[in-house]
Amino acid sequence: MRRLIRSGDIALIVLLLLPLAVALPWLGWPRGPPELWLTWVGRVTGILGLAMMLLAAVVSCRVPGFDRPFGGLTRLWKLHHWLGFWAFILVMFHALALGLASVPTSLNAAVATLFPPVSHGSIWLGWLAWVALVVFLAPTFDFFGKPHYQRWKRLHLVSAAALLLGLWHALLLAGEAWPWWLLGIAGLSAIAWRKGAAPRRQHAYRIETVEPLARGVVELVLRPEGGGIHYETGQFVYLSPLDESLPAGRGEEHPYTISSAPSDDRLRIGIKDLGDASHALQTVTPETRVLVEGPYGEFFERHFPERDMLWLGGGIGITPFVGGARDLATGAEAEGHVHLFYLAHDSERAYYREELEGIAEAHEVFTFTLHFYRDHGPLSEAFLREHCPDFTEREIYLCGPPAMNAHLQWLLSEQGVPASRIHSEVFDFL
Amino acid sequence: MNIHKIAYSFFIAFVASLITLVSVSALSSSDRDEIDDDGLDPITLAELAEHDSAESCWKAIDGRVYDITDYVPNHPTEESVILEWCGREATEGWDNKRPGVPHSPRAEGMLEDYLIGRLVDQTVEPVAAETSSTDEKAGDDADIAETRLSPAEDQRLHQALMGLPLDGRYRGVFSDSDEMQVNVQFDLRDGRLSNIRYRHLAYRGVDYFLLGEGDDLYPVMVQHQQLIDGLEGQPLTSIFALYEPERLAEDIDGYSGATLPGNKVHSAFRDAINRGVYSWP
């Protein structure tokens, strides 16, 4: 599944190569002595590096629905991360290659290429862009330890300065400016939308009830104040609680998976105590407001609609499957049979258990199996085959803690299940 | 190795490379760019203007003159763009590769390979802007610079080796029958005659300089004067015009130019050249 090329990827590749394609008639092909090769490489890496920076900004816009052509927001974030990483590497290649290309002329010329007199302002704009890049990427890449999430997020806004400076640098030096205007406006609009317009377009909900499911796990039942959002099962939202009595995370947005069926007039969200913000939400005051942005992701995307499904959920990762089961319970048309394995530590941690068993009893298309780690250890191939003999033939959906996910990926690939038939979403960096 | 570590390693490698490059450059004594302008051949705007085509393209940039003929085919733009500036002051073109965008420091480095001289205006004063600092330096170092000229730069040596007359003041004589008839003095500058005058002019005991306007031979004295006036400012080789003095002197009172003994004056000039420089300029 991760190796598939999506329609969004193709658009991204086209945009990425656009400035290079436009510049190539100017650059020509490298020929002659090594310094001409280095000059060519230096320019090409600069063009690609800036294009990647701008596209990393474009894909960070987080417009609900924009993530679908990319296979969901988690995949889009990975693309963002990947683009940012390569942009950082390439701009350093760019500077170094152009500096070294001048060494055959003289060492002084090489240094003057990189650090020219101030009158060559365009070069210094490039350096300022790089400094801005280091400032906001150093914490992202853990150069000096991991900063607090909210501080990291504020620091990440320096990226806008890096984009502006990089863009200015390129506009002064580029032969053909329009691709940079195009990507530049797209990238900066994405940031402007994310930081300016998006917060005002969030949906207001009121917390109707806070239902405790187990120790450290609650389900929030949210009543829309306006129209509310339209979503599919397994999608997730960013939720910002506004309860003034919250000790942490007030007004901060965090991603949570929806556990209600799309036809439900209430939005239900299962929340496990995993950090300051989600800990505070365990005791959030009913009838206070929350802001919801979304939905995102396409967890239940089908690549093989003709096949039956195998759902493997563990811990709080059961929530998208709860949403899926509730959808089946409301009479939604199922594409084939669904077998859900709930991988819990023990019966105490198997929240939602009764509800899921009830749905399984009432609906033939849905089978439910519990697996307790305390009794059986990690899920084994034998256990799977015993309860679901055709599991290798099904389209498989995974959601759970990273270790469980890794174990299941390994187990399934050992059984010859191709990666294209395994869906998983891991939120560990959202 | 996760991508965080790769990014960090690249970052460190990049910074280390920059530091290495800058420090190696600072530590290696490269005085290639420090060529003293005074050591460069002076080139006038007129000379510059003669090299205005792809066959020979000279450009003056920031007071220095470059012969970029060999580079023209390698320039990344259309040839017309670079040829437009040949044979003239091209600093503006250099500083505006595109409007407002100067050539790169690397291009500056490459340009120095084509340096051939410094631009001077007609009065042989450097046009370069940085006069105050170079003037000071020139004052201090002028004598030393003279004696230190390398064999590649010493024009006086070149002229001597090629058997060409050196710049300087010359004196020469024509004598016949134990009588000095012509004694001429002139200066040679860049191969051209100047300050030409007779120190002595006589024939059969008559000193021409003592003649009055009414004397019979006075017009001949005037014609002699016309001969050297006609040579003033001309190349040295123009003394051969003295074989046909009518080219230089008018017919005055029946003494036609054709009868003038211009070959005596010519002989005095040749004598001066053979004697060598009488005094340095």
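This is a predicted model: local features need pLDDT of at least 70, side-chain atom pairs count only at pLDDT 80 or more; totals for chains, interfaces and linings use all residues.
Close-up 1. The loop in question runs between strand S7 (309-314) and helix H10 (319-329) of chain A. Which residues does A:Ile316 touch, once those up to four places away in sequence are left out? They are A:Val217, A:Gly270 and A:Lys272. Take A:Lys272: it sits 44 residues from A:Ile316 along the chain, yet the two C-alpha atoms are separated by 6.3 Å.

Close-up 2. H14(A) has 13 residues and reaches 18 Å from its first C-alpha to its last, close to the 18 Å expected at 1.5 Å a residue. Look for A:Met404, A:Asn405, A:Leu408 and A:Leu412, the buried residues of this helix. An α-helix has 3.6 residues a turn, so residues three or four places apart point the same way. What do the buried residues of H14(A) pack against? Their partners are strands of chain A: S7, S8 (338-344), S10 (395-399) and S11 (422-424). Turned away from that buried side is a face with the exposed residues A:Pro402, A:Ala403, A:Trp410, A:Ser413 and A:Glu414. Just past the end of H14(A), A:Gly416 takes a positive phi of about 85 degrees.

**Close-up 3. The largest nonpolar core has 114 residues.** Within this core, A:Met52 and A:Leu55 have the most contacts. Helix H3 (residues 73-101) of chain A gives the most to the core, with 18 residues. Zoom in on A:Leu55 and, neighbours within four places in sequence aside, you'll find it in contact with A:Leu12, A:Leu15, A:Leu16, A:Leu83 and A:Leu183. Another core, of 24 residues, lies apart from the largest one, and B:Val184, B:Leu227, B:Leu260 and B:Ala268 are among its members. In soluble globular proteins, nonpolar side chains tend to be buried together.

**Close-up 4. Chains A and B meet through 23 residues from chain B and 23 residues from chain A.** On the chain B side, helix H1 (3-27) and helix H5 (105-111) each supply at least two residues. H1(B) makes the largest share of that side, twelve residues. Sorted by class, the side of chain B that touches chain A has 13 nonpolar, seven polar and three charged residues.

Conventions. Residues are numbered from 1 along each chain as its sequence is written. Chains are lettered from A and ligands numbered from 1 in the order in which they are written. Two residues are in contact if their C-beta atoms, placed from the backbone, lie within 7 Å. Helices (H or I, at least four residues) and strands (E, at least two) are DSSP runs, numbered from the N terminus. Ala, Val, Leu, Ile, Met, Phe, Trp, Tyr, Cys and Pro count as nonpolar, Asp, Glu, Lys and Arg as charged, and the others, Gly among them, as polar. A nonpolar core is a set of buried Ala, Val, Leu, Ile, Met, Phe, Trp, Tyr and Cys residues joined through C-beta atoms within 7 Å. A residue is buried if 20 or more other C-beta atoms lie within 10 Å of its own, exposed if 12 or fewer, and partly exposed in between; C-beta atoms are placed from the backbone. The expected span of a helix is 1.5 Å times one less than its number of residues.
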